[in-house]
Amino acid sequence: MDIRVEKGKPERYPCELLLLFSFESPESSEGPVQRVDSEWKGFISDLMREGDFKGELFQCSLLHTRGALPAKRVVLAGLGRREEFDLEKWRGASAKAVQFIRDSGLKQLACPLGRFDTFSLGELSESFVTGFLLGTYQYNDFKTLDRDKIKEIEEVILLGETDEEVHGIGEGLRVGRIISEAVCMARDLVNGPSNRVTPTALAEKAREMARDHAMEIQVLEMSEAEAMGMGAFAAVAKGSQEPGKFIVLEYNKGRELDTIALVGKGITFDSGGLSIKPSDKMERMKDDMSGAAAVMAAMGAAAQLRIPFHLVGIMPTTENLPDGKAYKPGDILKTLSGQTVEVISTDAEGRLILSDALTYSLRYQPKAVIDLATLTGACVIALGDYIAGLFGNDEALLKRVEEASRKTGERVWRLPLWDEYFEFLQSDVADFRNSGTRSGGAIIGAIFLSKFAGKVPWVHIDIAGPASIEKERPYIPRGGTGVGVRLLIQLLRDWGFQNSLLVRNEAML
Ligand code: BES
Ligand code: MN
Ligand code: ZN
């Protein structure tokens, strides 16, 4: 898709289609829509007065101008009530409008963007771009029939009226595109089937990203991981013929910057192992590498955005299958931390591979460790498909994540790590068992992880619900969502910004 910014007035701009947003009447008639309206002899306000276009959120209407304007067509898109407007609604409205245009079989659009309310032009443009790029995402890699029926938008022109506006819109476009493309990459990896998206394929993708975005990469083979002492990760990987890979991406390596570690669960298929899952919905378990996909994509975006941190992305990747050498319930594993784990369920494999990954992350002496994992079905029961569970040992870090969540609309909700439930992880024969009771499962999983996070500020985000969804949302189609990418980037951007201010202030003193 070709997206660019041009200087121009909407009422004077010749194009196939002009996209205009409007609030519900009567407050609606201001900005670009008002000027087009007066050029059009009040046609739009007539429609609104008659109730033919009300400006309700996500409402869309296609109109032909029949020569009254340089634009051939106009799509009016509703923003709902002005006092309820926020960037999340804006992303949704942008997605819905561009979907409407695409589904009408049109391929080009021009859309004026202006500063509005307390929102900067950069923010508005970034959110608009995010909304429509994420909202028009499709996964068609394996569709071979009727490919010509696949509808796609080819050209989007964002209109600014002054050089300053063009610049602001351009900056929003640049950032919004980097982040959205990263989200789409994560979605592709999640939607990709496990016979394609293997640990080897993920390692290959990470290598490609390292090349493209000037990052360092290290891929530990299973022999190396085992020799290093990653007994938990190695045990899970042994149940499959497909070799596991322990992937480590680094950005800004060797520079004098604070280190932040991002850890993502990378189970490319979770059959449950010998504690095998019921076959119903088992196909969904290809999404069990969503945490790793989010980390990999966020690393790439962070590098393109030049986030001022030394970032370490750690992705333990393997299948969880019940092959002849598979680990078994009752086995005792020695983790990289030295602590031992009695396996109760081979289906609680995520916390095993993450325990070694978390321990490994501590080698970098990070200021913070953030892990993302499709860890527990219990978290889906607790919070549903749209909200991730948030756990952590550091209030300041938790608050940062919550703030990034508020800004991006990637919902998280805090759950406790209270010690009461630790008793369910106590083992007669080892330091811990890998699973406790069904009830409180999300918390128990998080408590298990906490034992491997040492004393560093750490948060765990259980994305089992939002990693993939069955019912589409305004800018999230069905399937893999790429959840976590925008959250991580927002967290790093805001934090990095504060960091650079701090460094600058210190330099001034
Ligand atoms: N990958 C699953 C969790 C999951 C379930 C993600 C449903 C998305 C949708 C995880 O490995 C798992 O199987 N967890 C078990 C843990 C239990 C055995 C302690 C679960 O949630 O049942
Ligand atoms: Mn499992
Ligand atoms: Zn799993």
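Let's start with the manganese ion (ligand 2). Its six donor atoms subtend angles of 71 to 170°, which makes the arrangement irregular. Donors here are N, O and S atoms within 2.8 Å of the metal (3.2 Å for Na, K and Ca); water is not among the atoms, so sites may look incomplete. Six donors count as octahedral if opposite donors are over 155 degrees apart and all others between 65 and 115. Four count as square planar under those limits too, or as tetrahedral if all angles lie between 85 and 135 degrees; anything else is irregular.

A word on the model. It is predicted: local features need pLDDT of at least 70, side-chain atom pairs count only at pLDDT 80 or more, and totals for chains, interfaces and linings use all residues. Residues are numbered from 1 along each chain as its sequence is written, chains are lettered from A and ligands numbered from 1 in written order, and side-chain values use heavy atoms, without hydrogens and water.

Which protein atoms hold the manganese ion (ligand 2)? Asp270 (OD), Asp347 (O), Asp347 (OD) and Glu349 (OE), lying 2.0 to 2.2 Å from it. Along the chain, the spacing is D-x76-D-x1-E.

Now the zinc ion (ligand 3). Lys265 (NZ), Asp270 (OD), Asp288 (OD) and Glu349 (OE) coordinate it at 2.0 to 2.4 Å. Its site has six donor atoms, with angles of 78 to 174°, and is octahedral. The donor residues are spaced K-x4-D-x17-D-x60-E.

How far apart are the manganese ion (ligand 2) and the zinc ion (ligand 3)? They are 3.1 Å apart, and Asp270 coordinates both.

On to ligand 1. It is surrounded by 16 residues, and the closest are Lys277, Asp288, Asp347, Glu349 and Gly377. Surrounding means having a heavy atom within 4 Å. The shell divides into four nonpolar, five polar and seven charged residues. Asp, Glu, Lys and Arg count as charged. Ala, Val, Leu, Ile, Met, Phe, Trp, Tyr, Cys and Pro are nonpolar, and the others, Gly among them, polar.

Next, specific atom pairs. A polar side-chain atom of Asp288 lies 2.9 Å from a nitrogen atom of ligand 1. Glu349 has a polar side-chain atom 2.9 Å from an oxygen atom of ligand 1.

Definitions and conventions. Polar contact = N/O pair within 3.5 Å; in protein donor to acceptor, adjacent residues only side chain to side chain.
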